[in-house]
Amino acid sequence: MIDIDAEPGATLRFWRRPHPITMIARAALLALVAVQCVAATHDALCVVWAVLLGVAAVPALAMPRHRVVGPLSRLAEVLITCLATDVIVAHAAHGTPPLRGDSAAAATLPYLLVPFIAATLYRRNLEAVLLFVVAAAVLAGLGAADHRLSHYDYLLVTLLWLMLSGLAAAVTATFQRTLLDRRELPQPYAEATRLLTQLRSVARRLPGATLDPGGLAEHLIDDVRSAAPADRAAVLSASGGSRLVVLAQSGLDRIDWETDLDSDSAIGDAWATQQPVTASRSQARSHSGGDVSALVVPLVAGVRTVGLLVVEADNTGAYPGQVIERVTGLTAPAALRLEAALLFDEVRSLATNEERQRLAREIHDGVAQELVMVGYGIDNALAVLPEDAKDALDELRTLRGEVTRVITELRLSLFELRTEVDRHGGLAAAIAEYARAVGASGGLRVNLSLDESTARLPAAVEAELLRIAQEAITNARKHAGASNLWVTCVVDPPFAQIEVSDDGHGIADQRPEGRYGLAIMAERAERIRGRLEISPRSPNGTTVAVVLGTPLRRGASSG
C-alpha cells in the first residue's frame, strides 16, 4: 500500500496496518514490564501499569498512521511509562536485586523503546525527537520533585535507557531509509527512458538551433565582443581527457589555441580554479608576440566546468574588474545552455553508436552467416555436378561470384559500422584507415593527403565527418566505376574540410542509390552546420567535399 500521509511525489511503500515489529515489541515489553514491576515492589497490583500501557497502545495499534490518534497514543505510552517509573522507584525499597531502590527505574523504562521505534518505523522522525524530549523532561521533573536527581543510581539508569531508546530510534530510521532506497532504486533503463522523455519535451519547447554547441559558442563570442575589447576570441570545451576542443573562434587569424589543461597557462588555471583569470601573454601557441591582454572565463554550470571563454586584445590592461564583471554576466547563462547542448550531443552520439554496433552484430550473426552457408552450398553443388552439365555449372559459378560479391559488401558495411574515431588517433587516421580498407577490397588506388592539427573537434562533429567521408568513399567505389581515389583531410578546429575525389564516370551518370547517399551526406553536413559541395573533377570524375567553418587568414575579415 502507498502511504496516504507520504509527502507528494513519494513512491516508497509503507504499512497501513500495525507494523509487525511494533506488535511483537509491545507484547514482549509489556510482559517484561509486568514481571519486573512485581519483582521490584513485591506487589502484584503493580501489574496495573502494564495494563495501562497496553490500553494506551490500542489506538496506536489500530490507527498507527492517523495524523492525530497515532502520535497521541504514543505520547500517552511515554507519559505512562514515566509515571510508572516514578511510582515503582518509590515502592522498590525492598525489591529483588538489581531492581531495588533507584535502580528499579530499569523495570519500566525499557518500554520507551516501543513508542520511539514505532514513530521512526512510520516515517515520523520529528515525532520521535519530540517523544524523546518529553520523556527526558517528565523524568527530570518527577525526579526533581522527589529529590532523586542527586541519586547516582537513578540518574545512571534513567540516562542509560533514554540514550538506548534514542539510539535505537536513530538506527531504525537510518536502516529503514537505506533498505527502502535500495528497494525502490529505479532500474537503469526505466530511469533513462524517463530522462530522455523529459529531454524530448524540453527540446521541443526550445527555440530553433539552441541545442547546437557550435552555434551557442558563436553567439556567446558575438555577445562578448560587444561588451569587451576582443581582437581574438574562442570558446573551448572538454573532450573527455586532459585536452580541450575548439567550438568556435573569431579573429583575423586562425589561432592555434592552447588546449592542454595540464600546461602552465591561464587556461589551465581558470579550469582548475573555476574563476576568471587574466594574463599578459597570449593563450595561443602561434601568437607572434607584442602587447597582449588575455582573459579566460570558465563556463560553470552548477559545480561542473563545461568549457572556457578566451578573449584577447592587442594592448595592455584591457580587462579591468568592471569589464570582467560584464563578461561573466554573459557567460553565466550561456554556460547552462552550452552544457545542455553538449549533453544532448553526447546522448545522441551514444545512442547512434549503440545502434550502429547493434546493427553490426545483427548483420554479422544473421544474414552474413546465412550467405556464407549459401556459398558453401554452391561450392558443394559445383563439386558433385558432372562435367557435362556445362550450363548448370556456368549458372552456379555466376551465382557463386554474386554471393562472394555480396559477402564482400557486407564485410565492408560491418567495417564501416564498427569504425569509430579513436580518442588518440584522431579523425584523419580513422578516415585513412577506412579509405585504405575500401581501396584494397575494391581495387582502387588510394592517394591520401592528411593535415590535422593537435587540437580536436568535438567528438560528435568528428563522428559526423567520418560518416560523410565513409559515404563519399563508398559511393566512389560502388557507383563511380573509378580506378583512383584522392582523399584530403584538413582539420584545424573549428575549421575542417574533407574532400573525396575519383576518376570515375561522374555524378550525372550515377545510379539512384548513389544519389541517395549524397542526400544522406547533405543531411549529416547540415546537422553539424557544415556545407556539402559536389563538383565535377577534370578531366573526369567527381569531387565531394564537406566544409566546416571558414578557414581564416590574416587580413580577412572576421566571420
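With which residue does glutamate 218 form a salt bridge? In this predicted model, the partner is arginine 529, and the closest N and O atoms of the two residues are 2.9 Å apart. The bridge joins distant parts of the chain, since glutamate 218 belongs to helix H8 while arginine 529 lies in the loop between helix H14 (512-527) and strand E9, 311 residues apart. Across the model, the count of salt bridges comes to 17.

Spanning residues 213-227, H8 packs against helix H10 (residues 321-384) at an angle of about 175°, and the two axes are 9 Å apart. Because an angle over 145 degrees counts as roughly antiparallel, H8 is described as roughly antiparallel to H10. On the H8 side, the contact is made by Pro213, Leu216, Leu220, Asp223, Val224 and Ala227. Facing them from H10 are Arg326, Val327, Leu330, Thr331, Ala334, Arg337, Leu338, Ala341, Leu342 and Asp345. Sorted by class, the residues of this contact comprise 11 nonpolar, 1 polar and 4 charged.

H10 has a further partner in helix H13 (residues 459-479), where the axes come within 10 Å and cross at roughly 40°. These two helices are therefore oblique to each other. Here H10 contributes Asp345, Ser349, Asn353 and Arg356, while H13 contributes Ala460, Arg467 and Gln470. The make-up of this contact is 1 nonpolar, 3 polar and 3 charged residues.

Turning to the surface, a nonpolar patch is formed by Leu126, Val129, Leu130, Phe132 and Val133. Together these residues have about 470 Å² of accessible area. One of them, leucine 130, is found in helix H5, which covers residues 125-145.

The peptide bond from serine 538 to proline 539 is cis, with omega near 5°. Proline 539 sits in the loop between strand E9 (531-536) and strand E10 (542-548). Elsewhere, histidine 42 has a phi near 55°, a positive value in a residue other than glycine. The loop that holds histidine 42 runs between helix H1 (20-41) and helix H2 (47-62).

Technical notes. Residues are numbered from 1 along each chain as its sequence is written. This is a predicted model: local features need pLDDT of at least 70, side-chain atom pairs count only at pLDDT 80 or more; totals for chains, interfaces and linings use all residues. Side-chain values use heavy atoms; hydrogens and water are left out. Patches are made of residues with over 30% relative accessible area and no salt bridge: like charges are joined within 9 Å, nonpolar side chains (Val, Leu, Ile, Met, Phe, Trp, Tyr) within 5 Å. Accessible areas come from the Shrake-Rupley method with a 1.4 Å probe; for residues, only the protein chains shown count as cover. A salt bridge is a side-chain nitrogen of Lys or Arg within 4 Å of a carboxyl oxygen of Asp or Glu. Helices (H or I, at least four residues) and strands (E, at least two) are DSSP runs, numbered from the N terminus. Axes are lines fitted to C-alpha atoms, for helices over the stretch in contact, and angles run from 0 to 180 degrees between N-to-C directions. Angles under 35 degrees count as roughly parallel, over 145 as roughly antiparallel, 65 to 115 as roughly perpendicular and the rest as oblique. Contact means heavy atoms within 4.5 Å. Ala, Val, Leu, Ile, Met, Phe, Trp, Tyr, Cys and Pro count as nonpolar, Asp, Glu, Lys and Arg as charged, and the others, Gly among them, as polar.
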